[in-house]
Amino acid sequence: MKLEELRQECSECKGCRLYSTRNNLVFGEGVENADVFIIGEGPGENEDREGRPFIGRGGKLLDECLEKQGLSREKNIYIANMVKCRPPENRDPKTDEKEACIGYLLKQIEIVNPKIIVCLGRVSASYFLGKDFKVTKQHGEIFEIDGRKYTATFHPAAILRNINNKPLFEADIEKISNLISNL
Ligand code: SF4
(Lines give C-alpha, C1' and ligand atoms only; values in the text may rest on other atoms or scores of the structure.)
Protein backbone atom coordinates (compact mmCIF):
# COMPACT_ATOMS: atom_id res chain seq x y z
CA MET A 1 0.00 0.00 0.00
CA LYS A 2 1.15 3.57 -0.72
CA LEU A 3 0.72 6.52 1.64
CA GLU A 4 -1.79 8.12 -0.73
CA GLU A 5 -4.05 5.06 -0.60
CA LEU A 6 -3.87 5.11 3.19
CA ARG A 7 -4.66 8.83 3.22
CA GLN A 8 -7.79 8.14 1.14
CA GLU A 9 -8.89 5.46 3.59
CA CYS A 10 -8.17 7.72 6.56
CA SER A 11 -10.09 10.64 5.04
CA GLU A 12 -13.31 8.64 5.41
CA CYS A 13 -12.58 7.58 8.99
CA LYS A 14 -15.23 8.01 11.69
CA GLY A 15 -13.32 5.83 14.11
CA CYS A 16 -13.59 8.21 17.06
CA ARG A 17 -15.47 11.33 18.17
CA LEU A 18 -12.81 13.67 16.71
CA TYR A 19 -14.14 13.23 13.18
CA SER A 20 -17.22 15.24 14.07
CA THR A 21 -15.34 18.41 15.07
CA ARG A 22 -12.45 18.41 12.60
CA ASN A 23 -12.32 20.77 9.64
CA ASN A 24 -9.62 18.84 7.86
CA LEU A 25 -7.85 15.55 8.30
CA VAL A 26 -4.15 16.06 9.10
CA PHE A 27 -2.74 12.84 7.77
CA GLY A 28 0.99 13.69 7.70
CA GLU A 29 3.52 14.86 5.15
CA GLY A 30 7.05 14.35 3.93
CA VAL A 31 8.85 11.89 1.73
CA GLU A 32 7.60 8.32 1.37
CA ASN A 33 11.00 6.71 2.11
CA ALA A 34 12.11 9.20 4.81
CA ASP A 35 15.09 8.41 7.05
CA VAL A 36 13.42 10.13 9.99
CA PHE A 37 9.78 9.71 11.07
CA ILE A 38 8.69 12.43 13.49
CA ILE A 39 5.59 11.92 15.64
CA GLY A 40 3.70 14.65 17.48
CA GLU A 41 0.46 14.56 19.48
CA GLY A 42 -2.42 15.89 17.41
CA PRO A 43 -3.27 18.73 15.05
CA GLY A 44 -3.76 22.24 16.43
CA GLU A 45 -5.94 25.04 15.09
CA ASN A 46 -3.68 26.03 12.16
CA GLU A 47 -3.11 22.42 11.19
CA ASP A 48 -6.86 21.66 11.29
CA ARG A 49 -7.52 24.68 9.07
CA GLU A 50 -4.88 23.77 6.48
CA GLY A 51 -4.84 19.97 6.74
CA ARG A 52 -1.06 19.95 7.27
CA PRO A 53 1.00 19.01 10.36
CA PHE A 54 3.23 21.40 12.30
CA ILE A 55 2.62 24.62 10.38
CA GLY A 56 2.16 27.09 13.27
CA ARG A 57 4.91 28.79 15.29
CA GLY A 58 6.05 25.49 16.76
CA GLY A 59 6.21 23.91 13.31
CA LYS A 60 8.26 26.82 11.99
CA LEU A 61 10.73 26.46 14.85
CA LEU A 62 10.93 22.73 14.20
CA ASP A 63 11.53 23.22 10.46
CA GLU A 64 14.27 25.80 11.12
CA CYS A 65 16.08 23.50 13.55
CA LEU A 66 15.75 20.55 11.16
CA GLU A 67 17.01 22.52 8.18
CA LYS A 68 20.15 23.61 10.06
CA GLN A 69 21.01 19.91 10.23
CA GLY A 70 20.19 19.09 6.61
CA LEU A 71 16.79 17.62 7.44
CA SER A 72 13.53 18.64 5.80
CA ARG A 73 10.07 17.39 4.81
CA GLU A 74 11.13 17.71 1.16
CA LYS A 75 14.27 15.61 1.57
CA ASN A 76 14.41 13.06 4.36
CA ILE A 77 11.63 13.56 6.92
CA TYR A 78 8.09 12.33 7.34
CA ILE A 79 5.98 13.95 10.03
CA ALA A 80 2.63 12.90 11.48
CA ASN A 81 0.67 12.87 14.72
CA MET A 82 -0.74 10.28 17.11
CA VAL A 83 -4.25 11.33 16.05
CA LYS A 84 -5.18 12.69 12.63
CA CYS A 85 -8.05 14.94 13.70
CA ARG A 86 -7.83 17.94 16.02
CA PRO A 87 -8.80 17.42 19.65
CA PRO A 88 -11.08 20.36 20.60
CA GLU A 89 -9.45 23.21 22.56
CA ASN A 90 -6.04 21.64 21.90
CA ARG A 91 -6.55 19.11 24.70
CA ASP A 92 -4.45 15.94 24.74
CA PRO A 93 -5.94 13.11 22.70
CA LYS A 94 -7.88 10.70 24.93
CA THR A 95 -6.82 7.09 25.30
CA ASP A 96 -9.70 5.72 23.23
CA GLU A 97 -8.97 8.28 20.46
CA LYS A 98 -5.31 7.26 20.33
CA GLU A 99 -6.31 3.60 20.27
CA ALA A 100 -8.80 4.22 17.46
CA CYS A 101 -6.21 6.09 15.38
CA ILE A 102 -2.95 4.27 16.07
CA GLY A 103 -3.42 1.78 13.23
CA TYR A 104 -3.02 4.57 10.66
CA LEU A 105 0.23 5.74 12.25
CA LEU A 106 1.65 2.22 12.49
CA LYS A 107 0.78 1.64 8.83
CA GLN A 108 2.48 4.94 7.89
CA ILE A 109 5.62 3.81 9.73
CA GLU A 110 5.50 0.44 7.95
CA ILE A 111 5.25 2.13 4.53
CA VAL A 112 7.94 4.78 5.19
CA ASN A 113 10.24 2.30 6.97
CA PRO A 114 12.43 5.02 8.54
CA LYS A 115 15.89 4.60 10.07
CA ILE A 116 14.73 6.33 13.24
CA ILE A 117 11.47 7.34 14.89
CA VAL A 118 11.52 10.63 16.79
CA CYS A 119 8.78 11.25 19.35
CA LEU A 120 8.04 14.92 19.98
CA GLY A 121 6.80 15.38 23.51
CA ARG A 122 5.20 13.25 26.19
CA VAL A 123 2.14 11.89 24.34
CA SER A 124 3.98 10.05 21.57
CA ALA A 125 7.01 9.23 23.75
CA SER A 126 4.85 7.52 26.33
CA TYR A 127 3.24 5.36 23.65
CA PHE A 128 6.45 4.28 21.92
CA LEU A 129 8.98 4.41 24.78
CA GLY A 130 6.86 3.54 27.79
CA LYS A 131 4.47 5.44 30.01
CA ASP A 132 7.20 6.27 32.53
CA PHE A 133 9.41 7.95 29.90
CA LYS A 134 10.42 11.44 31.03
CA VAL A 135 11.17 13.74 28.10
CA THR A 136 12.95 16.30 30.29
CA LYS A 137 15.39 13.67 31.60
CA GLN A 138 15.66 11.16 28.76
CA HIS A 139 15.44 13.35 25.63
CA GLY A 140 18.10 12.51 23.06
CA GLU A 141 18.68 8.96 24.31
CA ILE A 142 18.66 6.42 21.49
CA PHE A 143 16.74 3.17 21.97
CA GLU A 144 16.59 0.08 19.80
CA ILE A 145 13.22 -1.66 19.78
CA ASP A 146 12.47 -4.59 17.47
CA GLY A 147 15.35 -3.65 15.19
CA ARG A 148 14.37 0.01 14.84
CA LYS A 149 15.92 3.06 16.45
CA TYR A 150 13.79 5.44 18.52
CA THR A 151 14.42 8.66 20.36
CA ALA A 152 12.37 11.48 21.86
CA THR A 153 12.80 15.17 22.31
CA PHE A 154 10.77 18.16 23.41
CA HIS A 155 7.58 19.13 21.63
CA PRO A 156 8.25 22.43 19.78
CA ALA A 157 5.32 24.02 21.64
CA ALA A 158 7.18 23.27 24.89
CA ILE A 159 10.28 24.99 23.48
CA LEU A 160 8.17 28.07 22.68
CA ARG A 161 6.96 28.05 26.29
CA ASN A 162 10.51 27.66 27.65
CA ILE A 163 13.06 28.92 25.13
CA ASN A 164 15.90 28.02 27.53
CA ASN A 165 15.50 24.42 26.37
CA LYS A 166 16.08 25.28 22.71
CA PRO A 167 19.82 24.40 22.79
CA LEU A 168 18.91 20.94 24.17
CA PHE A 169 16.33 20.51 21.39
CA GLU A 170 18.86 21.59 18.76
CA ALA A 171 21.48 19.22 20.17
CA ASP A 172 18.98 16.32 19.98
CA ILE A 173 18.28 17.10 16.33
CA GLU A 174 21.99 17.32 15.55
CA LYS A 175 22.46 13.92 17.19
CA ILE A 176 19.67 12.45 15.02
CA SER A 177 21.21 13.93 11.87
CA ASN A 178 24.66 12.52 12.74
CA LEU A 179 23.17 9.14 13.56
CA ILE A 180 21.29 8.70 10.28
CA SER A 181 24.29 9.77 8.21
CA ASN A 182 26.26 6.92 9.81
CA LEU A 183 23.58 4.24 9.26
S1 SF4 B 1 -8.68 10.88 14.99
FE2 SF4 B 1 -8.13 9.07 13.79
S3 SF4 B 1 -9.59 7.46 14.48
FE4 SF4 B 1 -10.42 9.46 15.09
S5 SF4 B 1 -11.77 10.04 13.37
FE6 SF4 B 1 -9.76 11.01 13.02
S7 SF4 B 1 -8.69 9.55 11.66
FE8 SF4 B 1 -10.40 8.43 12.60
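Predicted model: local features only at pLDDT ≥ 70, side-chain atom pairs only at ≥ 80, totals over all residues.
Mentor: Let's start with a term: a pocket is an open set of grid points with protein on both sides within 12 Å along at least five of seven lines.

Trainee: What volume does the largest pocket have?

Mentor: The largest pocket has about 810 Å³. Its lining is made up of 34 residues, and those nearest its centre are Glu-41, His-155, Ala-157, Ala-158 and Arg-161. Two or more lining residues come from each of α2 (45-50), α3 (57-68), α5 (122-129), α6 (135-138) and α7 (156-161).

Trainee: Which element gives the largest share of that lining?

Mentor: That is α7, with 4 residues. Sorted by class, the lining of the largest pocket holds 11 nonpolar, 13 polar and 10 charged residues.

Trainee: Where does the ligand sit?

Mentor: The ligand takes up the space of the largest cavity. Of the 14 residues lining this cavity, Cys-13, Gly-15, Cys-16, Cys-85 and Cys-101 lie nearest its centre. Helix α4 (residues 95-112) gives the largest share, 3 residues. The lining of the largest cavity counts 11 nonpolar, 1 polar and 2 charged residues.

Trainee: Which residues are around the ligand itself?

Mentor: You will find Cys-10, Cys-13, Gly-15, Cys-16, Tyr-19, Arg-22, Lys-84, Cys-85, Ala-100 and Cys-101 there. This shell divides into 7 nonpolar, 1 polar and 2 charged residues.

Trainee: With those cysteines in view, how many disulfides are counted?

Mentor: The rule asks for a pair of cysteine sulfur atoms within 2.5 Å, and the count comes to 0 disulfides.

Trainee: Is Cys-13 buried or exposed, and why?

Mentor: Buried means under 20% relative accessible area. Cys-13 counts as buried because its relative accessible area is 19%. Cys-101 is buried too, because its relative accessibility is 8%.

Trainee: And what lines the second largest cavity?

Mentor: Its lining is Val-36, Ile-38, Leu-62, Leu-66, Leu-71, Ile-77, Val-118, Leu-120, Thr-153, Ile-173 and Ile-176. By class, the lining of the second largest cavity has 10 nonpolar residues, 1 polar residue and no charged ones.

Conventions: Residues numbered from 1 in each chain as written. Heavy atoms only, no water. Near = heavy atom within 4 Å. 1 Å grid on protein atoms, 1.4 Å probe; cavity = no way out; pocket = protein on both sides within 12 Å on 5 of 7 lines; lining within 4 Å. Sits in = over half its atoms within 2 Å of the grid points. Nonpolar A, V, L, I, M, F, W, Y, C, P; charged D, E, K, R; others polar. Buried < 20%, exposed > 50% of the residue type's maximum accessible area, 1.4 Å probe, protein only. Points joined across faces, edges and corners; volume = space filled by probe spheres on them.
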